[in-house]
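Work through the exercises below with the sequence and the structure in view. Try each task before reading its solution.

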Amino acid sequence: MKQHDASGRKVAEWLTTQKQVQKIYYPGLASHPQHELAKRQMKGFGGMISFDVGHIDLARQILDGTKIFALAESLGGVESLIGHPASQTHASVPVAMRQAMGLTDSLVRLSVGIEEPEDLIEDLAQAMA
C-alpha cells in the first residue's frame, strides 16, 4: 500500500503539469476540494486517480496507447490498470446522469500499481503524445 500511495502521488503530480489534462480527481493533491478531509481521515492517498482530458478521442488514444497500464474494468491489483468508466463500469448509466455526476466520455481512470512511477509516467506521456 505504501508503494501504491507513493506512486499514485507521483503520477498525480505529473498529471498536473500536462496541458491536455483539464481536471484531476485525486485527494492527495492540495487542489482537490476534499484534500484536508482526506488528510485527516487517511494515512495515505492511494493509487486511484481519475483525470479528464476534454475529448473522447484523446481519452481513447491514451487507453489504447499505454503499454504498462492494462485496460481493465476492475481496478485495484498490484499491476497498474487503466479504465474508461463511461464505456465500462458506467456504460448502462444514462448519458445525462453520467454528465450530472461529472463522469464524462473523456474521463480516464487509473489504478496505479507497484511498478516504478517513472516508468508509469513515461507510459502515460507516450500515450498522450
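Predicted model: local features only at pLDDT ≥ 70, side-chain atom pairs only at ≥ 80, totals over all residues.

Residues are numbered from 1 along each chain as its sequence is written, and side-chain values use heavy atoms, with hydrogens and water left out.

**Exercise 1. The sheet**

Task: Find the order of the strands in the sheet and describe how they pair.

Solution. Begin with the terms: strands (E, at least two residues) and helices (H or I, at least four residues) are DSSP runs, numbered from the N terminus. Two strands pair if DSSP finds at least two bridges between them.

Step 1. The sheet is open and consists of five strands in the order 1-2-5-4-3, with mixed pairing. Strand 1 and strand 3 (70-71) are the edge strands, each pairing on one side only.

Step 2. Strand 1 and strand 2 run antiparallel and are joined by three bridges; Y25 has S50 in strand 2 as its bridge partner.

Step 3. Five bridges pair strand 2 with strand 5, again in the antiparallel sense. Here F51 stands opposite V108 in strand 5.

Step 4. Strand 3 and strand 4 run parallel, with two bridges between them, and A70 stands opposite L81 in strand 4.

Step 5. Now check burial, where buried means under 20% relative accessible area, exposed over 50%, and partly exposed in between (1.4 Å probe, protein chains only). Strand 2 is largely enclosed by the rest of the structure, because four of its five residues are buried.

**Exercise 2. Helix 5**

Task: Compare the span of helix 5 with the expected span, then locate its buried residues.

Solution. Step 1. The expected span of a helix is 1.5 Å times one less than its number of residues. Helix 5 (residues 117-128) has 12 residues and reaches 16 Å from its first C-alpha to its last, close to the expected 16 Å.

Step 1. Its buried residues are P117, L120, I121, D123, L124, A127 and M128. They lie on the same side of helix 5 because they cover an arc of only 160° around the axis, the arc being that of the directions from the helix axis to the C-beta atoms.

Step 2. Contact means heavy atoms within 4.5 Å. The cover over these buried residues includes helix 1 (2-15), strand 2 (48-52), helix 3 (56-65) and strand 5 (107-111).

Step 3. A125 also lies in helix 5, but at 31% relative accessibility A125 counts as partly exposed.

**Exercise 3. Helix 1 and helix 3**

Task: List the buried residues of helix 1 and of helix 3, and say what covers them.

Solution. Step 1. Helix 1 has 14 residues and spans 20 Å between its first and last C-alpha, close to the 20 Å expected. H4, D5, S7, G8, V11, A12, W14 and L15 are its buried residues. Strand 1, strand 2, strand 5 and helix 5 are among the elements that cover them.

Step 1. The buried residues in helix 3 include L58, A59, I62, L63 and G65. Their cover includes strand 2, strand 3, strand 4, strand 5 and helix 5.

**Exercise 4. Q88**

Step 2. Apart from neighbours within four places in sequence, Q88 is in contact with L71, A72, E73 and G83.
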